[in-house]
Amino acid sequence: MNSDKDMPISGHLDELRKRITIVSVAHLIVMLLAFSRSGPILQRLMELNPQMNLIFVEPSEIMNAYIHIALVLAVALCSPLTIYHIWAFVAKGLYENEKKMVKISLSLGFVFFVLGLVFAYYVVVPISLQFFTRIAIDQIAAMISVRSYISFILTLMLAMGLIFNIPSFAYVGTKLGLLKPSYFNQYEKHLIVLIFIFAALITPPDIVSQCLMALPMVALLKLSAFISKKTYKEKQDQVESENKDEN
């Protein structure tokens with residue numbers, strides 16, 4: 001372990017407070033800057049489905065939508081800084097192999113989260129909005145509020161960011177012994193079928209849209225299986241090496 005392990009608990013708490021303060025101030029600054037650009041960003045989000053005519057039913061609804069957009073942008077843009085301070089705080093109390101696991105998992109988590117956001121913005125959100133527009137009933141007038149529209153899009157994007165982190169979850173789970181490559185081999189076919197069923201349900205009835213939705217998800221599943229297999233092998237090799245050293 002690092003020599004900082006002898007630091008009193010008050011020292012750790014003081015360091016944690018300083019790091020939380022830095023991250024919080026950074027989020028506040030970025031949120032204020034993002035708020036000034038929330039109008040154009042809202043316009044871009046509305047262009048994802050121009051067929052929807054949005055309304056607002058409360059005087060403060062547009063303002064709340066701007067705040068929601070600014071908050072999510074602040075969390076996304078400040079995530080590298082947040083990840084750095086998480087790493088800087090926890091790394092001091094970890095062994096070298098634990099440091100490697102945390103560093104890889106945080107890096108993978110950030111990269112795949114960004115990929116999930118991009119995929120959601122360009123593929124999932126437009127297709128989902130088209131789907132809900134397509135199943136609308138003519139006798140029922142669509143009165144979609146700005147708040148619900150923005151909440152739907154941002155929630156979907158955050159959800160895809162988490163879904164895209166399946167490979168990083170697979171790495172951590174395998175490293176901790178909670179997951180084995182055999183699990184992927186056992187359930188892979190079932191999961192692929194479920195992915196294509198899900199894609200067929202929410203996309204227009206054409207093969208291109210279905211593939212745009214399903215194939216990246218299948219690729220994530222395959223990548224997760226590969227990462228789990230590679231991590232499991234490295235873990236087994238490490239255990240064998242330690243046993244040889246003991247003998």
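Which helix holds Val193? Val193 is found in helix α8, residues 181-202. Helices are DSSP runs of H or I with at least four residues, strands are DSSP runs of E with at least two, and both are numbered from the N terminus. The model is a predicted one, in which local features need pLDDT of at least 70, side-chain atom pairs count only at pLDDT 80 or more, and totals for chains, interfaces and linings use all residues. Residues are numbered from 1 along each chain as its sequence is written, and side-chain values use heavy atoms, with hydrogens and water left out.

Val193 counts as partly exposed, at 48% relative accessibility. Buried means under 20% relative accessible area, exposed means over 50%, and partly exposed lies in between (1.4 Å probe, protein chains only). Val193 belongs to a nonpolar surface patch of about 670 Å². Patches consist of residues with over 30% relative accessible area and no salt bridge; like charges are joined within 9 Å, and nonpolar side chains (Val, Leu, Ile, Met, Phe, Trp, Tyr) within 5 Å. Accessible areas come from the Shrake-Rupley method with a 1.4 Å probe, and for residues only the protein chains shown count as cover.

The side chains of Glu188 and Lys222 meet at 3.3 Å, N to O. Glu188 lies in helix α8 and Lys222 in helix α9 (residues 207-246), so the pair ties together parts that are 34 residues apart in sequence. Glu188 is buried, at 19% relative accessibility. Lys222 is partly exposed, at 42%. A salt bridge is a side-chain nitrogen of Lys or Arg within 4 Å of a carboxyl oxygen of Asp or Glu. The whole structure holds seven salt bridges.

Two further pairs sit within single helices. In helix α1 (residues 9-35), Glu15 and Arg19 are four residues apart, which means a separation of about one helical turn. Their side chains form a salt bridge of 3.1 Å, N to O. Glu15 is buried at 12% relative accessibility, and Arg19 is buried at 17%. In helix α9, Glu234 and Lys230 are likewise four residues apart, or about one helical turn. Their salt bridge spans 2.7 Å, N to O. Glu234 is partly exposed, with a relative accessible area of 32%. Lys230 is partly exposed, with 44%. Elsewhere, salt bridges with shared partners join Asp14, Arg17 and Lys18 into one network.

The largest pocket has a volume of about 500 Å³. On a 1 Å grid over the protein atoms alone, a pocket is an open set of points where a 1.4 Å probe fits, with protein on both sides within 12 Å along at least five of seven lines; lining residues have an atom within 4 Å of a point. Grid points are joined across faces, edges and corners, and a volume is the space filled by probe spheres set on the points. The lining has 19 residues. Leu73, Ala76, Leu117, Tyr121 and Met157 lie nearest the pocket centre. Helices α2 (38-46), α3 (61-77), α5 (96-134) and α6 (146-163) each supply at least two lining residues. Helix α5 gives the most, with seven. The lining divides into 17 nonpolar residues, one polar and one charged. Here Ala, Val, Leu, Ile, Met, Phe, Trp, Tyr, Cys and Pro count as nonpolar, Asp, Glu, Lys and Arg as charged, and the others, Gly among them, as polar.

Met143 lies in the loop between α5 and β2 (144-145). Met143 is exposed, with a relative accessible area of 63%.
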